[in-house]
Amino acid sequence: MSRLLALLRRETALAWGGGGGPLVAVGFYAGVVTMLPLAIGPDLERLAGIAPAAAFVALALASLLSLERMFERDYEDGALDLLTLSPTPLEAVAAIKSIAQWIAAGAPLAIAAPIAAIALGASPQHAGLTFVTAALGGLAFAFVGGTGAALALGARRGALLTAVIVLPLFAPPVIFGAGALQAAANGLAWTSGLLLLAGYTLAAAALGPVAMAAACRNALS
Amino acid sequence: MPPALAFLANPDRFMAFSRWAAPMFGILAVVLACAGLWLGFTAPEDYQQGDTVRIMFIHVPAAYMATFVYVCLAGASFLSLVFRHALADAAAKAAAPLGAVFTALALITGSLWGAPMWGTWWVWDARLTSVLVLFLFYLAYIALRGAIDDEARSARAGAILALVGAINLPVVKFSVDWWNSLHQGASVFRADGPTMSAVYLWPLGLMALAYTAAFGSLWLVRIRAEVWKKRAGAAALAAAVF
């Protein structure tokens, strides 16, 4: 257990610091959200209609940013070889890495998401739901995205390849998360969307580490 | 491994089998497609859709192939991952571009059908979107295979990705139930029997079989090409060494 905690501390410190932490992710997120009114027009009523959806799309894009650093750095400096040799199974290492990724990028983005949605004209009474869906969705993005990042290890143009692999897989959490927010904004039942999102996130957390570990072993072979 | 697959796992036996099977499947596909198209074009017009209902005979089998090829790709990937068999990997690699083409065909013909029937080329309903996602996923698989130079590593990475993507297939299948929208629900495979009249069901079934046979033929040809490519590479290496 202490080994896992030490690993979590190391991964979080690496993901948080070194110029790729929450500031970059939130800055990118704010940039994308700012582009929307500039492209669509400042009419707040029109923006309010797409506010939850826009907040979620920007979240998915911002989650892509730091994926490349999840495994690539450890792969290049040999730390991944050492982690493979440690008694901790590689699956647990992959899960810890995904959680650290979420702490450094997903959680700050989840805090920024309701602010962005309100700025785009969404009702403040759904801020709590926006935070919960963004946090859950961000966790799914971290586990699914980590799978893509591990698969792209050792490939040419790894970052771009990761985005191409991962974006189609981001579709279900985006559908469920934005669907729940959209339903809440229209005064409809939103629990089913939230539950489906939670289910998807749990499935990603259960299956993602297995795929990540297999991909890492393959890249190191 | 099932006995039939174990028999074909030997590359020499596979080459001997596919040499005859590939053209046979091709001929079968042509015959079935001719029969299916003949029945399709002589079928009476639909009372609502008129002549455009005939697009169905091209569109629906393509959409079915989009998922069927993915099942083949995932199955071959599974065998390649578990048994580390080069032929299984060649099968997975060969299936992906075919699947992408069938998926693109389904999207294009669906769009051509949507223009007169729904009055729009494209609607963002769940099933169309999930087929588009499937298409993007085929592209991602092909891109990953192309980006890793090492043959064995590329094979395993591709196999893992294909199995990860297999989670997407149920989403494609059940998205119709999750979302209610413009796209009509399932009308062929239902518990209470098909709701389509036999006049349309026959050409549709024949075309589905024709598409499947065409895929079988093209798949075998492409796997053979992969095997020849490997043999040519090995021969070139041997010629360079000795």
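How many of the 15 residues of helix 6 of chain B are buried? Eleven of them are, as the legend to View 1 shows.

These legends describe a predicted model, in which local features need pLDDT of at least 70, side-chain atom pairs count only at pLDDT 80 or more, and totals for chains, interfaces and linings use all residues. Residues are numbered from 1 along each chain as its sequence is written, and chains are lettered from A and ligands numbered from 1 in the order in which they are written.

**View 1. Helix 6 of chain B is mostly covered.** Helices here (H or I, at least four residues) and strands (E, at least two) are DSSP runs, numbered from the N terminus. Helix 6 of chain B reaches 21 Å from its first C-alpha to its last, close to the expected 21 Å at 1.5 Å a residue; the expected span is 1.5 Å times one less than the number of residues. Its buried residues include B:Arg156, B:Ala157, B:Ile160 and B:Val164. Buried means that 20 or more other C-beta atoms lie within 10 Å of a residue's own, exposed that 12 or fewer do, and partly exposed lies in between, with C-beta atoms placed from the backbone.

**View 2. Helix 10 of chain A meets helix 6 of chain B.** The axes of helix 10 (residues 191–220) of chain A and helix 6 of chain B come within 9 Å and cross at roughly 170°. That makes the two helices roughly antiparallel (angles under 35 degrees count as roughly parallel, over 145 as roughly antiparallel, 65 to 115 as roughly perpendicular and the rest as oblique). Axes are lines fitted to C-alpha atoms, for helices over the stretch in contact, and angles run from 0 to 180 degrees between N-to-C directions. Look for A:Ala211, A:Ala214, A:Ala215, A:Asn218 and A:Ala219 on one side, with B:Arg153, B:Arg156, B:Ala157, B:Ile160 and B:Val164 on the other. Contact requires C-beta atoms, placed from the backbone, to lie within 7 Å.

**View 3. Chain B touches chain A with 15 residues.** Those residues are in contact with 18 residues of chain A. Helix 5 (126–147) and helix 6 (151–165) of chain B each supply at least two residues of this side of chain B, and helix 5 gives the largest share, seven residues. The side of chain B that touches chain A has 13 nonpolar, no polar and two charged residues.

**View 4. Helix 7 and helix 9 of chain A run roughly antiparallel.** The axes of helix 7 (residues 127–151) and helix 9 (residues 171–185) of chain A come within 10 Å and cross at roughly 175°. Among the residues that meet are A:Gly137, A:Ala140 and A:Phe141 in helix 7 and A:Gly177, A:Ala180 and A:Leu181 in helix 9. This contact has seven nonpolar, four polar and no charged residues. In chain A, confidence is highest in helix 7, at a mean of 92, and lowest in helix 9, at 83, on the pLDDT scale (the predictor's confidence in each residue, from 0 to 100).

**View 5. B:Leu8 sits in helix 1 (residues 3–8) of chain B.** B:Leu8 is buried, with 21 other C-beta atoms within 10 Å. Not counting residues up to four places away in sequence, B:Leu8 touches B:Arg13, B:Phe14 and B:Phe17.

Technical notes
Two residues are in contact if their C-beta atoms, placed from the backbone, lie within 7 Å. Ala, Val, Leu, Ile, Met, Phe, Trp, Tyr, Cys and Pro count as nonpolar, Asp, Glu, Lys and Arg as charged, and the others, Gly among them, as polar.
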